[in-house]
Amino acid sequence: MLTELIQNLVIPSPFGLFLEVVFTEQAVMQVKWLKEVGEQLETRKKDQLGRLANQIIREFSEYWEGRRKIFSIPYIFSIGTPFQHRVWQQIASIPYGSTISYGRLSLLIKGTSLASRAVGQACAKNPLPLIIPCHRVVKSDGSPGYYLAPDGALLKAKLIAFEKENK
């Protein structure tokens, strides 16, 4: 049985945080927000990176510049339940610069707004923030709500404002 090498990249964001992207040669498996970069992460020159690594760097750079609205980086859900996968797939369809409430997202997925807490839990377990833009899911009053990152709700509000400015 062949196993693919799991690699990682750390990409700076304009918000003073970093993204650690975990991937194989085929697809991204996880994106994690980091407050600081640990020494354990290897620094590689651009010419030592593979095709997908260069695509990841390019697409996140374009996103931070406000030029990329949709990521085309291949990804896989290496964790999660079938329900969570449905939530994440629906989140992926939320347009850049737009938001949707947890209740409305629940209505789209389950046909009722009564599953909004389950939708919120699925958002909290999203392994691919930004690629699957769970920051676009907000409370019914329009406030950001929870976001699994350093400075969670504040960062979520900054991401929403960033996208609205660059729409």
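Me: What lines the largest pocket, and which residues lie nearest its centre?
Reply: The lining has 19 residues. Cys123, Ala124, Lys125, Asn126 and Leu148 lie nearest the centre. Keep in mind that this is a predicted model. The pocket has a volume of about 300 Å³.

Me: Which element supplies the largest share of that lining?
Reply: β3 does, with four residues. β3 (28-34) and α4 (116-124) each supply at least two residues. By class, the lining has eleven nonpolar, four polar and four charged residues.

Me: How confident is the predictor in the chain, by mean pLDDT?
Reply: The mean pLDDT is 91. Of the residues, 92% reach 70 or more. Among the elements, β1 has the lowest mean, 92. Strand β5 (residues 137-138) has the highest, 97.

Me: Why is Ile73 called buried?
Reply: Its relative accessibility is 3%. Buried means under 20%. The value is under that cut-off, so Ile73 counts as buried.

Me: Where does Ile73 lie, and what does Ile73 touch?
Reply: Ile73 is in the loop between α1 (51-64) and α2 (82-91). Leaving out residues up to four places away in sequence, Ile73 touches Val28, Leu52, Gln55, Ile56, Glu59, Phe60 and Ile131.

Me: How do you know that the length of α1 agrees with its number of residues?
Reply: α1 has 14 residues. At 1.5 Å a residue, they should span 20 Å. The end C-alpha atoms are 20 Å apart, so the two agree.

Me: Which residues of α1 are buried, and what covers them?
Reply: Among them are Leu52, Ile56, Phe60 and Trp64. The cover includes β1 (7-12), β2 (18-23), β3 and α5 (152-165). An α-helix has 3.6 residues a turn, so residues three or four places apart point the same way. After α1 comes Gly66, with a positive phi near 80 degrees.

Me: What makes the phi of Leu130 worth a look?
Reply: Phi is near 75 degrees, a positive value in a residue other than glycine. Most residues other than glycine have a negative phi. Leu130 sits in the loop between α4 and β5. Leu130 has a relative accessible area of 1%, so it is buried.

Me: Why is Asp151 called partly exposed?
Reply: Its relative accessible area is 45%. Buried means under 20%, and exposed means over 50%. The value falls in between, so Asp151 is partly exposed. Asp151 is in the loop between β5 and α5. Phi of Asp151 is positive too, near 60 degrees.

How values were computed: Residues numbered from 1 in each chain as written. Predicted model: local features only at pLDDT ≥ 70, side-chain atom pairs only at ≥ 80, totals over all residues. Heavy atoms only, no water. 1 Å grid on protein atoms, 1.4 Å probe; cavity = no way out; pocket = protein on both sides within 12 Å on 5 of 7 lines; lining within 4 Å. Points joined across faces, edges and corners; volume = space filled by probe spheres on them. Nonpolar A, V, L, I, M, F, W, Y, C, P; charged D, E, K, R; others polar. Buried < 20%, exposed > 50% of the residue type's maximum accessible area, 1.4 Å probe, protein only. Contact = heavy atoms within 4.5 Å. Expected span 1.5 Å × (residues − 1). pLDDT = per-residue confidence, 0-100.
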